[in-house]
Amino acid sequence: IGEIQKAGLSCLNLQIGDTILVSRDIGTHGAAIFSARDGISLQSSIKSDCAHLWPAVEKLINEGIEVVAMRDATRGGLAAVLNEWAISSSVEIAVKEDAIPIAREVNGICELLGFEAWNLANEGTFVLCVRSNEQKALEILKEFNQSAAIIGKVDDGKKGRVLLETPWGVKRFMDYPSGELLPRIC
């Protein structure tokens with residue numbers, strides 16, 4: 001049904017110094033589902049981020065970007081992806097909270113409902129880890145969505161955890177989502 005485009009692409013291969021990027025703003029699909037649910041009367045113009053990911057991925061491959069790991073951020077959102085990578089590669093991932101792209105509407109819904117955007121589902125967003133050429137990778141991603149961003153680095157701290165640095169310089173854990181991964185619509 002397919003062929004391996006690049007050997008070694010795996011969540012087991014993250015190394016200190018690698019860079020973490022997202023292909024666009026996060027949490028849009030989850031926020032769109034919540035705002036449309038029965039019993040929650042939120043009036044919002046937010047729409048799901050459903051989109052084809054292959055065009056951006058293909059361009060990254062064709063431009064020779066050294067992608068170490070890549071995954072869609074569907075169930076469990078960004079937090080699930082980063083925690084799985086940190087545990088699988090036995091590394092710490094350091095993320096700058098103010099670098100994570102979150103649409104104003106998504107942020108508003110999260111504040112109203114008490115959620116973190118990085119735990120919400122995405123349908124057209126992927127996370128990638130690159131070993132080099134992070135600026136070139138970002139340029140490519142921005143061709144497809146201007147909100148793409150570099151959000152963090154693989155660090156040499158405590159293995160198997162994700163640390164989120166707030167805009168005030170305080171660090172806290174970005175935990176793996178617990179409980180029911182929402183929204184569950186299937």
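Let's start with a helix on a sheet: α5 lies across β1, β4 and β5, running at about 5° to β1. Contact here is heavy atoms within 4.5 Å, and axes are lines fitted to C-alpha atoms (for helices over the stretch in contact), with angles running from 0 to 180 degrees between N-to-C directions. The element names come from DSSP runs, numbered from the N terminus: helices are H or I with at least four residues, strands are E with at least two.

A word on what you're looking at. This is a predicted model, where local features need pLDDT of at least 70, side-chain atom pairs count only at pLDDT 80 or more, and totals for chains, interfaces and linings use all residues. Residues are numbered from 1 along each chain as its sequence is written, and side-chain values use heavy atoms, with hydrogens and water left out. The chain averages a pLDDT (the predictor's confidence in each residue, from 0 to 100) of 88, and 89% of the residues score at least 70. Confidence is highest in β1, at 98, and lowest in α1, at a mean of 82.

Back to α5, residues 134-144, where Ala137, Leu138, Ile140 and Leu141 are buried. Buried means under 20% relative accessible area, exposed means over 50%, and partly exposed is in between, using a 1.4 Å probe and protein chains only. Seen down the axis of α5, those buried residues fall within an arc of 160°, so they line one face of the helix; the arc is that of the directions from the helix axis to the C-beta atoms. They pack against β1, α2 (54-62), β4 (126-130) and β5 (149-155).

Now the sheet itself. It's open, with 7 strands in the order β2-β4-β1-β5-β3-β6-β7 and mixed pairing. β2 (67-72) and β7 (171-173) sit at the edges with a single partner strand each, so one side of each has no neighbour in the sheet. On average, neighbouring strands are turned by 25° against each other, direction ignored. Two strands count as paired if DSSP finds at least two bridges between them.

Follow β1 and you meet two antiparallel partners. With β4 there are 4 bridges, and threonine 19 has valine 130 of β4 as its bridge partner. Over at β7, the pairing with β6 (residues 161-165) is antiparallel over 3 bridges, and leucine 163 has phenylalanine 173 as its bridge partner.

Arginine 24 is buried, with a relative accessible area of 15%. Beyond residues up to four places away in sequence, arginine 24 touches Asp49, Pro101, Gly124, Thr125, Asn145, Ser147 and Ala148. Its side chain also makes a polar contact with the side chain of aspartate 25, at 3.1 Å. A polar contact is a pair of N or O atoms within 3.5 Å; within protein, one must be able to donate a hydrogen and the other to accept it, and residues adjacent in sequence count only if both atoms are side-chain atoms.

Finally, serine 89 in α3 (residues 77-89) is buried at 11% relative accessible area. A polar atom of the serine 89 side chain lies 3.0 Å from the backbone nitrogen of leucine 14.
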